[in-house]
Amino acid sequence: MTDQIENSAATDEVAAELSRPGDPAPWELLGEEQGFHRFLTVNLRRYRMPNGREVDWDVFGPKSAAGITSGVTVLPLTPEGRIVTVRMFRAGPDRVVTNLPGGFVEPDEDPAVAGARELEEETGYTCETLDVVGWQWASASSTYRKYVAIARGCRPDGKQQLDETEDCVPVELSVDAFRAELRTPGAMTGADAAYLALDHAGLL
């Protein structure tokens, strides 16, 4: 009986997927020009919508002139199953928040190599293994791709090397404490990458 119920549920799910509405038609990109360029680059794109209307849209990404188009966020797990986070000031929230370590992927750099590098630079921890488990757009108006990685066997036996604008303080949290931070409004940034990493790690 249980198998019949599970098979029926799977059939219903497939049927629902097949009956969903089709995607809308994509917009046509007519042109793009740079509007602002410092740490972030904001470009103005002009699109033609399927109904013929033309609209302007701001899209952003970091340091595109330097060839940087992506970054990586790392979920670092210690041998005891704790999560290594960093406490640092963020200018957007204008306060100290909890973050997962991460940073830019340099041009032609493998995201996994960048993840291990950023982990050690920001926390002083090294890892036995690091696996990139996916990626996501930074936002709906961003050209910036965020890779998400899980690092295992993390230990504080490396050397923290912070940039002149970084002031990261590494903090180990239990999985429960980390999930509590995620559920607390405004306590963390990068929560989308954190949830994706927890899902892949089987820790949701």
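Predicted model: local features only at pLDDT ≥ 70, side-chain atom pairs only at ≥ 80, totals over all residues.
Me: What makes up the secondary structure of the protein?
Reply: It comes to 4 helices and 10 strands. From the N terminus on, the elements run α-β-β-β-β-β-β-β-α-β-β-β-α-α.

Me: How much of the protein counts as buried, and what box do its C-alpha atoms fill?
Reply: Of the 204 residues, 32% count as buried. Along the principal axes, the C-alpha atoms fill a box of roughly 60 × 55 × 35 Å.

Me: What share of the contacts in the protein comes from residues 24 or more positions apart?
Reply: Such residues account for 55% of the contacts with a separation of 6 or more.

Me: Why is E118 called buried?
Reply: Buried means under 20% relative accessible area. E118 has a relative accessible area of 8%, so the word buried applies. E118 lies in helix α2, and beyond four places in sequence E118 touches G102, G103 and F104.

Me: What makes those residues count as touching E118?
Reply: A contact needs heavy atoms within 4.5 Å. G102, G103 and F104 are in contact with E118 by that cut-off.

Me: Where is V132, and which residues is V132 in contact with?
Reply: V132 is in strand β8. Leaving aside neighbours within four places in sequence, its contacts are P111, A112, Y147, V148 and A149. From V132 to G115, 17 residues apart in sequence, the C-alpha distance is 8.5 Å.

Me: How do you know that G124 is buried?
Reply: The relative accessible area of G124 is 5%. The cut-off for buried is under 20%, so G124 is buried. The place of G124 is in the loop between α2 and β8.

Me: What does G124 touch?
Reply: Not counting residues up to four places away in sequence, G124 touches L119, R155, P156, D157, G158, K159 and Q160. E28 is 96 residues from G124 along the chain, and their C-alpha atoms are separated by 46 Å.

Me: How does the reach of α2 compare with the span expected for its residues?
Reply: α2 has 13 residues and reaches 18 Å from its first C-alpha to its last. That is close to the 18 Å expected at 1.5 Å a residue.

Me: Which residues of α2 are buried, and why are they said to line one face?
Reply: The buried residues of α2 are P111, A114, G115, E118, L119, E122 and T123. Seen down the axis, they fall within an arc of 135°, so they line one face of the helix. What covers them includes β4, β5, β7, β8, β9 and β10.

Me: What puts the buried residues of α3 on the same side?
Reply: In α3, the residues V175, F178 and L182 are buried. They cover an arc of only 65° around the axis, which puts them on the same side of α3. D176 and R183, on the other side of α3, are exposed. The cover over the buried residues of α3 includes β4, β5, β10 and α4.

Me: Which residues of α4 are buried?
Reply: A193, A194, A197, L198 and A201 are the buried residues of α4. Their arc around the axis is only 135°, which puts them on the same side of α4. What covers them includes β4, β5, β8, β9 and α3.

Me: What follows α4?
Reply: G202 follows α4, and its phi is positive, near 70°.

Me: How much space lies in the largest pocket, and which residues lie nearest its centre?
Reply: About 1300 Å³ of space lies in the largest pocket. Its lining has 38 residues, of which F39, R90, G103, F104 and Y144 lie nearest the centre. The elements that give two or more residues to the lining are β3, β4, β5, β7 and α2.

Me: What classes make up the lining of the largest pocket?
Reply: The lining has 17 nonpolar, 10 polar and 11 charged residues.

Terms used:
Residues numbered from 1 in each chain as written. Heavy atoms only, no water. Buried < 20%, exposed > 50% of the residue type's maximum accessible area, 1.4 Å probe, protein only. Arc of directions from axis to C-beta. 1 Å grid on protein atoms, 1.4 Å probe; cavity = no way out; pocket = protein on both sides within 12 Å on 5 of 7 lines; lining within 4 Å. Points joined across faces, edges and corners; volume = space filled by probe spheres on them. Nonpolar A, V, L, I, M, F, W, Y, C, P; charged D, E, K, R; others polar. Expected span 1.5 Å × (residues − 1).
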